[in-house]
Amino acid sequence: MLRYLARKLIIYLLTFIVAVTIDWAIPRFMPGNPIDALVSRIALMPDANAALTSYFMAAFNLDQPLWRQYLNFWSALFHGDLGRSIMLFPTPVTTLIGRALPYTLGLLLPSILLSWYVGNMVGALAARRKLLDNSVLPLGYLLTATPYMWLGILLAWVLGSTLGWFPLAFGYDQSLKAEWSWRFIGSLLYHWVLPFASLFMVALGGWAIGMRNMIIYELESDYANYLMALGAPQRLVRKYAFRNAMLPQITGLALQLGAVVGGALVTEIVFSYPGLGWLVLSGIQNQDYFVIQGVFLFIIVGVLLANLIVDIVYVVVDPRTRVGLQGDAA
Amino acid sequence: MLAVSDLKIHYRTLAGSVKALDGVSFAVGDGEIMGLAGESGCGKSTLGKALIRLEERMMFVGGQVALDGERLPIADDRAMNPYRFRKVSIVPQYAMSALNPTRRIGRMIDELLAARGLKGSTLRPELERRLAILGLTPDVLGMYPIELSGGMKQRVVMVLSTLLDPSLLIADEVTSALDVASQKKVAGALVEFRDRGYVKSMIVVTHDLAILAQIADSILIMYAGKLAEKAPTRTIVEAPAHPYTRLLLGSLPEVGIRFEEKRLPGIKGRPPSLLSPPVGCRFRDRCPLAFGKCVEEPPFIEIAAGHQVACWKADAHAQG
Amino acid sequence: MTSTTGSAPASPATKTGRNEILYFALRNTKLLIGAFVFMVFLLGAIFGPMLATHEPLTFDAPPGLPPSAGYWFGTTLFGQDVFSQFVHGLRSSFIVGALGGITAAVIGMFVGFFAGYRGGIVDEVLNMLTNVVLVIPTFAVLLVVAAYLSVRGLGTEAMFIGLTSWPWAARAIRAQTFSLTSRDFVGMARLNGESTLRIIFGEIAPNMSSYLVMTFILLFGGAILTAATLDFIGLGPTDSISLGLMMNYSVMNAALQLGMWWWFVPPGLAITAIVGSLYVMNVGLDEVFNPKLRAL
Ligand SMILES: Nc1ncnc2c1ncn2[C@@H]1O[C@H](COP(=O)(O)OP(=O)(O)OP(=O)(O)O)[C@@H](O)[C@H]1O
Ligand code: SF4
Ligand SMILES: [Mg+2]
């Protein structure tokens, strides 16, 4: 068990190092020398003041040897310094991320957990009832094939623009002051519904199909056959099948995280929702590379941490990892 | 006492029905261990499964099965359920993976017993006693299947399958995945369980004729969905009457070597397709003794006491 | 995603085997429906641009027109022909899907074959690499990479998508290779002293060809989806139009508020249909290749 977790930890550590290195290397080694291009462009911009230009030079430590630049990068990272935003100079990127994060988490966590739970239930039911299966399966494939942003666009168009039931944009009513009042909270929830629903639905399809297939696979497995040959009732066999089918779905949760985060980013863009996705979009539109890189690192850390949590949960629920004879379960 | 008459089981496939069991009749007496042998794909497992639980694609076409004078409703999954485990039981071909990997073995057994309306705690002492007979400590009940070796799992499955003293036990390839030492133990255990009266009759499916020679009272040879020959073990080994049996034995350097895989070196050709099996004797294409009459199907008849054969030339052989 | 890839057992490809597969393939409704939808869009991507009467990116039409005889899919807020954008975008999607899918398949096969066949330290190292790329949120990586590329073409986009999306395929192929390596015919080839490459491409790959086809199909669909997402965030090709860019332009320019559905419905619908048809085809293929699923 400890070996299992240790192996995972090593992988995550390695992943983190690789990710940080990529983050450091891309602006420096990309063809076309993006940093030079940027520096000269900023210097030419009429509203770019000298402070911005010199900050830019200093941030990249361009006057120092590469290995020093690399070490500085790490050291800044450990001090929680992700640089300063260019578009909102001199606001630190961490501040911007901190502002956007609650919105993204508020979308992500409920939609991931709920879609996982509901999807598994629907999939398990579908594996049992032919009639339900015939509708769940095509619908599930349709949903997983849908780009996140498109479902968001459709919901916004039909429920927001055409029917006018829900607001089309923003995290809360812009005429309200951001404070902890009931009106404000209500407005937050009201604006949250559509982006949440579209994220939830796209993710739901995949879980439902995965669970259905896993249960059918489990029901054909040897232990299920043996139990049925010994006259065990369906109830018991299904109970085992469901439990065992859940296990790969837990690891699946970790594997899908990255994709769902991507989905959340674009969904936010559709709804002008003030989370990380919106931040990234403005970063891209304003060529604010510190923001983009900051969000990148932030997502990496978040996904790795989430993976670690999933692993710990997995060790608790799957005895095979605890015995230590575990093969390749992840 | 098991009596099977004219049992027909087909597999439904898109290409048509695979006639895996095409009218087989035989009996297994009380206290008898009957070995069941034949090339891969001849229908041994199908026969074994048919007696306890038809899989989804298995179609009951006809025939009757009676156990201890009572007719078994093998075609009716629900009606069959009360007989399973209590009257008929199986040690499946896949015993290595027959236990739920995520449950402790003891708990799984308790849950199974409870689901059958029995109390795990009352049966626990007997369970532990029988595990001990096979050299397993009660500790295994607190373990997960992955913590046991293959042979240990096999033995646990054997004890569990026979816990309710069934009249009939089907043991499908119980030794083939084991090392020689474990094979001996498991084979010995089968006899031991019969001797102690835990099981009345047994059908032991295997490719390993050596094991059969040691433990079986009689041997039934199948070929392409039909019975070829049934006789007491000694008769099969020393005076087989069916050309197929002779080739099966003759193709082995000596009794005791396993035949397996698709082709037997001594017998040319392959068994016929069971999708549309040929009329007449199914062994005709490969039989060195085939003659004109073999286009008709030979009946499975008794040529001596307890010795049945399906071959037009069987009598001549038995004498020669 | 792995659970959608099937479990077709590898069996030596024989002539009768091929006929049989064709027989079942032509009778599998999932495969036929999926292939039909896919072909419709593929033909649209190939021939559509020839039918288009306008250039995709020129502003030569009246702005904001709903679909009409002159502009089949209507026009954008700036007076571009949506139909023309759509068919050119389709083409981009297929190109990215194919190139990205091939890149990922090649890497996945290389890593999977060698890790599974060689085992030992090669396996350890490749496995570590696979795991690292697997847990990195690839979308985030693509984000930084694309952001720093000032000129982006379809090819670069496809290549980066391929470079980040191979791990699950490598894993699946590794597992299959692993089980094949222990089979007789591979052992024979090994004893005969054939080279690793010959054994992999002569013995192992042909025996899991059905599996490789299905893996490629999923990678293809995945690449299309990822590309659409990147494009939508504004990191798509800078020199051409794509379905994701169409959605981006429409949302950025208030098509939602203005109810200009003809601008954003076709691109999303096309992506959903193409990717969905690929998934459904994959399920059908699994049934065709896997006798266990094939029987009633
Ligand atoms: N699920 C199935 N669908 C279709 N045909 C099947 C199925 N299972 C078995 N068969 C066919 O039925 C025949 C008998 O199979 P069976 O498993 O009983 O053989 P067996 O004698 O047990 O072989 P082995 O020694 O390999 O275990 C074979 O020809 C096989 O191809
Ligand atoms: S009946 Fe004829 S073909 Fe069949 S085994 Fe006897 S001799 Fe051979
Ligand atoms: Mg068998």
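Colleague: How many salt bridges does the rule find across the interface of chain A and chain B?

Modeller: In this predicted model, the rule finds 1 salt bridge across that interface. Residues are numbered from 1 along each chain as its sequence is written, and chains are lettered from A and ligands numbered from 1 in the order in which they are written. Local features need pLDDT of at least 70 and side-chain atom pairs pLDDT 80 or more, whereas totals for chains, interfaces and linings use all residues, and side-chain values use heavy atoms, without hydrogens and water.

Colleague: Why are the side chains of B:Glu111 and A:Lys239 said to meet in a salt bridge?

Modeller: A salt bridge requires a side-chain nitrogen of Lys or Arg within 4 Å of a carboxyl oxygen of Asp or Glu; the N to O distance between A:Lys239 and B:Glu111 is 3.6 Å, and therefore the pair qualifies.

Colleague: What makes up the contact, and how much area do chain A and chain B bury between them?

Modeller: With contact meaning heavy atoms within 4.5 Å, 23 residues come from chain A and 27 residues from chain B. The buried area, which is the accessible area (1.4 Å probe) lost on being put together, summed over both parts, is about 2300 Å², 62% of it on carbon and sulfur atoms. In chain A, A:Tyr226, A:Leu230 and A:Tyr240 lose the most area to chain B, together 28% of what that side buries.

Colleague: Which residues come nearest to ligand 2?

Modeller: Counting a residue as near if one of its heavy atoms lies within 4 Å, there are 13 residues around ligand 2, of which B:Cys281, B:Cys287, B:Cys294, B:Cys311 and B:Trp312 come nearest.

Technical notes:
Buried area = accessible area lost by both parts, 1.4 Å probe.
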